[in-house]
Amino acid sequence: MTGPPGDGLDDDMADLYDNAPCGYLSTHLDGTIAKINATLLGWLGSTRDEVVGHRRFSELLTVGGRMYHETHFAPLLHMQGEVRGVALDLRTATGARLPVLVTSAVKHDAEGNPALIRTTVFDARDRRDYERELLRARQAADRDRERLRRLVAGLQRSLLPAVLPVPPGMRTAAHYHMASPDEVGGDFYDLFPLPDGRWAFFLGDVCGKGVQAAAVTARARYTLRAATVYDPSPAAVLGNLNTVLCQDADTGPGDYCTVVFGVLTPTATGYRADLAGGGHPPALLLGDGGTAEFQPTTGGTIIGLLPRVPIATRTVELGPGDTLLLYTDGVTEARTPTGRFGAQALRSFAADHASAGAAGVIDALTGLLADLGTGIDDDTALLALQVHR
């Protein structure tokens, strides 16, 4: 477009092209530079005579940029007729790298044949600096997250027994599934001997996650262990725990949990398990023949909610090959495409693996938790106690 003679519009257009805030150049189809504006020459530190007719556009790029231009940029431009916003680096006359964003389009003649390639070059130094800052910030955040995860994992391990002991004539196995590597969970379990030859065990689930849940978990574990010194009967132990957790109820929100506590007593054919439940999902008794039956402690109330709570008890006989499976509700409340996984699905799954013994059942459940994947949004603790065949 041109204006009337003497209006200066042509001069303004030429000046706008030459001194635009971005670089302009036109090249022949072989890449030889035919026209270039002063802005881009200034960035390169070159003169027009050094560039026009003597150098190809690709020769202005770094070695890596030339390779990308030849293998990707130029073929795409040939096929599509236009390539937009490609990040490249120019090499200036002093050898410095200049990050830029390049857009090129093919100009056709009146007959529709390719005639020239027009290219716009934007200075991307500020953008590249910003991207580097973002990258450094992300790397720092990743390092902080990794340190947090190591801390969380270490704290979680400290709340679980380092080694699960094995009572005489039994086999034991346990597993802890962390739903999130960034938060400490509140599930816990333990198995330990009593002075008179019996064995105590427990498994529970503290409300919430994080540091507060970890603190309550530690109090619960140590209280349950300490309570057995005075009176190891399951109901008395849970009553003691309830008293401890209710101590801070007057000064702030109470700490509470569901828990099942039991004592194993040797018998002529195996063990007797005396159980006490405080609002916890019922244990499963897995028979060597492939059966799975819930052992509910119906009537037991969540521990720590009220100063006085009913605690339900139950006695279970464990014969050769029988396995007592305890679990937290992370697995039964897991999401599936058809809804919650549920207690009956767990019972059916456990029955299918009942003859596998303690280790086999825990291995199968570990695989199930992996299959449920993101459907599990709560930690899950598993404990299996099997009388040796």
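## Close-up views of a predicted model

**View 1. Five strands make an open sheet.** The strands of this open sheet follow the order β2-β1-β5-β4-β3, with antiparallel pairing. Here a strand is a DSSP run of E with at least two residues, a helix is a run of H or I with at least four, and both are numbered from the N terminus. Two strands count as paired if DSSP finds at least two bridges between them. At the edges sit β2 (33-36) and β3 (82-91), each pairing on one side only. Neighbouring strands are turned against each other by 30° on average, direction ignored. Angles run from 0 to 180 degrees between N-to-C directions, using axes fitted to C-alpha atoms, for helices over the stretch in contact.

This is a predicted model, in which local features need pLDDT of at least 70 and side-chain atom pairs count only at pLDDT 80 or more, while totals for chains, interfaces and linings use all residues. Residues are numbered from 1 along each chain as its sequence is written, and side-chain values use heavy atoms, with hydrogens and water left out.

**View 2. A closer look at β1, β2 and helix α4.** Strand β1 (residues 23-27) is joined to β2 by three bridges, and the two run antiparallel. Look for T27, which stands opposite I33 in β2. Helix α4 (residues 63-80) packs on the sheet and touches β3, β4 (97-108) and β5 (114-123). Contact means heavy atoms within 4.5 Å. The direction of α4 makes about 160° with that of β3.

**View 3. The largest pocket.** About 390 Å³ of space lies in this pocket. Of its 21 lining residues, L29, A74, L77, H78 and I117 are the closest to its centre. Helix α4 gives the largest share of the lining, six residues. On a 1 Å grid over the protein atoms alone, a pocket is an open set of points with protein on both sides within 12 Å along at least five of seven lines, found with a 1.4 Å probe, and lining residues have an atom within 4 Å of a point. Points are joined across faces, edges and corners, and the volume is the space filled by probe spheres set on them.

View 4. In β8 (residues 199-206), eight of eight residues are buried, meaning under 20% relative accessible area with a 1.4 Å probe, protein chains only. W199, F201, L203 and D205 lie on one side, and A200, F202, G204 and V206 on the other. In a regular strand the side chains alternate between the two faces of the sheet. Seven bridges join β8 to β7 (residues 187-193), with F188 opposite G204. The two form a hairpin with five residues between them, and G197 in the turn has a positive phi of about 95°. β8 also pairs with β9 (residues 257-266) over eight antiparallel bridges, where D205 stands opposite T258.

**View 5. The largest nonpolar core.** Of the 26 residues in this core, L284, L286, L325 and L365 touch the most other members. Such a core is a set of buried Ala, Val, Leu, Ile, Met, Phe, Trp, Tyr and Cys residues joined through side-chain atoms within 4.5 Å. Helix α10 gives the most, with eight residues. Among the contacts of L325, leaving aside neighbours within four places in sequence, are A350, V361 and L383.

Terms used. Buried < 20%, exposed > 50% of the residue type's maximum accessible area, 1.4 Å probe, protein only.
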